[in-house]
Amino acid sequence: MENYKIIHFESAPHRIKKINDTLFHPNAKYWNKLFSICDTYVKSNFYFKDDNLDTEVYKSEMNKPIILRNCGLNYMKGLRLEKLEFVETDFIFPSGTMVSKKAEAYYNMVSKKYVMLSYKKEKNTENITIIKHSRLDAYLKGNNVKKYELKINNDNYKVVIED
């Protein structure tokens, strides 16, 4: 039972754009807020490279519960533990590049911690058996803990093993 590793999942960067038409997009206010935070981060990172940017300020603004909930970023889409249970998002952070004086804003998602019990890699997918991190003590004591089998496509998400 001692052979386990603490992991989390990290998504590929998701492009975000400003939404002009709010009639058919009721949460446009929150998406535009998220866009403005990411856009400001990219521009300040480009124009003020020498200054040491404090990304925690941007992270704290992006990870407010009202923004995460209304933008639908509470769960990592495409990673299912079960039929109706998704992998939960722990936090999101900004990234992006400047393309000819225009900022291309992105956000990345990082999941909550899980415990990896087994790992098997095939061509472009990873097969992982995990349990929730909060249930690790029960697993070590020998109690029955629900195990989840995940198949992860390397293009969308990557597994990050913590030391």
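## Salt bridges, ring pairs and hairpins

At 35% relative accessibility, Lys43 counts as partly exposed (buried means under 20% relative accessible area, exposed over 50% and partly exposed in between, with a 1.4 Å probe and protein chains only). This is a predicted model, where local features need pLDDT of at least 70 and side-chain atom pairs count only at pLDDT 80 or more, while totals for chains, interfaces and linings use all residues. Residues are numbered from 1 along each chain as its sequence is written, and side-chain values use heavy atoms, leaving out hydrogens and water.

Back to Lys43: what does it pair with? Its partner is Asp39, in a salt bridge whose closest N and O atoms are 3.1 Å apart. A salt bridge here is a side-chain nitrogen of Lys or Arg within 4 Å of a carboxyl oxygen of Asp or Glu. Lys43 and Asp39 are 4 residues apart in helix α1, so about one helical turn separates them. Helices (H or I, at least four residues) and strands (E, at least two) are DSSP runs, numbered from the N terminus. Asp39 is buried, with a relative accessible area of 13%.

The count comes to 9 salt bridges. Here are three of them:

| Pair | Closest N to O distance |
|---|---|
| Lys43 and Asp39 | 3.1 Å |
| Lys113 and Glu162 | 3.8 Å |

Glu85 is partly exposed at 22%, and Lys132 is partly exposed at 25%.

Now for Lys113, which forms a salt bridge with Glu162. This pair also links distant parts of the chain, with Lys113 in the loop between β5 and β6 (114-122) and Glu162 in the segment after β9 (157-161), 49 residues apart. There's a network too: salt bridges link Lys33, Glu61 and Lys64.

On to the rings. How many aromatic pairs does a search of the whole structure find? It turns up 5. Rings of Phe, Tyr and Trp (its six-membered ring) pair if their centres lie within 6.5 Å; planes under 30 degrees apart count as stacked, over 60 as edge-to-face and the rest as tilted. Trp31 and Tyr107 make a tilted pair, 6.4 Å centre to centre with 50° between the planes. They connect distant parts of the chain: Trp31 is in helix α1 (residues 28-47) and Tyr107 in strand β5 (residues 102-111), 76 residues apart. Trp31 is buried at 18% relative accessible area, and Tyr107 is buried at 7%.

Tyr41 and Tyr58 form an edge-to-face pair, 5.2 Å centre to centre and 75° between the planes. Tyr41 belongs to helix α1 and Tyr58 to helix α2 (residues 55-62), so the pair joins parts 17 residues apart in sequence. Both Tyr41 and Tyr58 are buried.

Last, the strands, which pair if DSSP finds at least two bridges between them. Strand β3 (residues 75-80) pairs with strand β4 (residues 86-99) in the antiparallel sense over 3 bridges, and Met76 stands opposite Val87 in β4. These two strands form a hairpin with 5 residues between them. β4 also pairs with β5, again antiparallel, over 10 bridges; Gly96 stands opposite Ala105 in β5. The β4 and β5 hairpin has 2 residues between its strands, and Ser100 in the turn has a positive phi of about 45°.
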